[in-house]
Amino acid sequence: MQSSQLLIEREKMLRGASTELGKTTMGAQYGQANSVKWDNHFTLSQDIPNPGLFGKQKLLADARIKSSELNLAVTKQELVLQVKSAWYQLAWLQSVKYLLQRQDTLYRNFLKAAEVRYRTGETRMLEQSTAQTRLNENNNQVQRNVADIRIAQINLQRLLNSKDEISIAMENIIRLDGSSITPTATLPADHPLTAYLQQEIKVNEQTIKVEKAKGGPDFSVGYFNQSIYGFQNTDGTEKFYDFGKRFHGVQASVSFPIFNKPYASRVRAAKVDQQIAESNLELARNNLNGQFREALQQYE
């Protein structure tokens, strides 16, 4: 449960990365770029991914957050089932323990009676041997039952994440009302597992949109600042500029994929992932319905 909760926190934190611009680039150049004098040239540029990508990545992050929340519900449902199953297993084993204790008393009395009848000549040795065998068999079952109870206690202790030994009360156990359970009952449509797998399909749908957006044009903007040492013709007049005079400007560019095959391949792969998610949902529904019908049959 704690790990599933941390997964939600992780996805929420990753949502902040959906608007990542990338690193800002700073550059410097020093040399004889304009004349025999050594000038310097500084640049500052920022790459900007396809703006449409940001919105789609946010939607994908939201879908993953929802998926992790539903995964928490699945984890909780599975844990509840395991705890209930372990609890009833332990309760049943303790009930068997009481039955075996009663049988032990009966077999001991049976053995005593058989020994008396054998000494008095009323019966043969077979009845006494049979009584002793039944008592020994019951003793073996008692020892096995003690071990099974200890195993069930350890299992329940593990599921509850408890360091203390587990014991359960056997008084006032209420028989569950099964009047609402009929052979025609159906599995609830809002089962946590199917809800989670349906959300996984939505996650893959958003992933396809993100991969398509990655194939769109990207942009870059920049600023440069440089020196041009020497005489320059300004308004028809030759003026001298030293390194204290700076020249600057801006630059912009756009990049787009000429070789589109890698982008198309990732889109196709994402579509296959969506088909896998749809198949997993159908498989889970079939398995759950089968398990539900099996449980109904066992109850009947």
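The model is predicted, so local features need pLDDT of at least 70 and side-chain atom pairs count only at pLDDT 80 or more, whereas totals for chains, interfaces and linings use all residues. Residues are numbered from 1 along each chain as its sequence is written, and side-chain values use heavy atoms, with hydrogens and water left out.

The structure holds 2 aromatic pairs (rings of Phe, Tyr and Trp, the last by its six-membered ring, with centres within 6.5 Å; planes under 30 degrees apart count as stacked, over 60 as edge-to-face and the rest as tilted). In one, the ring centres of Tyr30 and Trp38 are 5.4 Å apart and the planes meet at 40 degrees, so the pair is tilted. Tyr30 is exposed at 57% relative accessible area, while Trp38 is partly exposed at 43%. The rings of Trp87 and Tyr88 have centres 5.2 Å apart and planes at 85 degrees, and the pair is therefore edge-to-face. A charged group is also placed over a ring: the charged end of Arg266 lies over Tyr263, 5.2 Å from the ring centre (NZ of Lys or CZ of Arg within 6 Å of the ring centre and within 35 degrees of the ring normal).

Helix 3 covers residues 125–159 and has 35 residues (helices are DSSP runs of H or I of at least four residues, numbered from the N terminus). From first to last C-alpha, helix 3 reaches 51 Å, close to the 51 Å expected at 1.5 Å a residue (the expected span is 1.5 Å times one less than the number of residues). The buried residues of helix 3 include Gln128, Ala131, Leu135, Asn138 and Asn145. These buried residues pack against helix 2 (51–119), contact being heavy atoms within 4.5 Å. Asn161, which follows helix 3, has a positive phi near 55 degrees.

Ile276 belongs to helix 5 (residues 261–299) and is partly exposed, with a relative accessible area of 43%. The C-alpha atoms of Ile276 and Ile201 are separated by 8.8 Å, although the residues are 75 apart along the chain.

How values were computed:
Buried means under 20% relative accessible area, exposed over 50%, partly exposed in between (1.4 Å probe, protein chains only). Helices (H or I, at least four residues) and strands (E, at least two) are DSSP runs, numbered from the N terminus.
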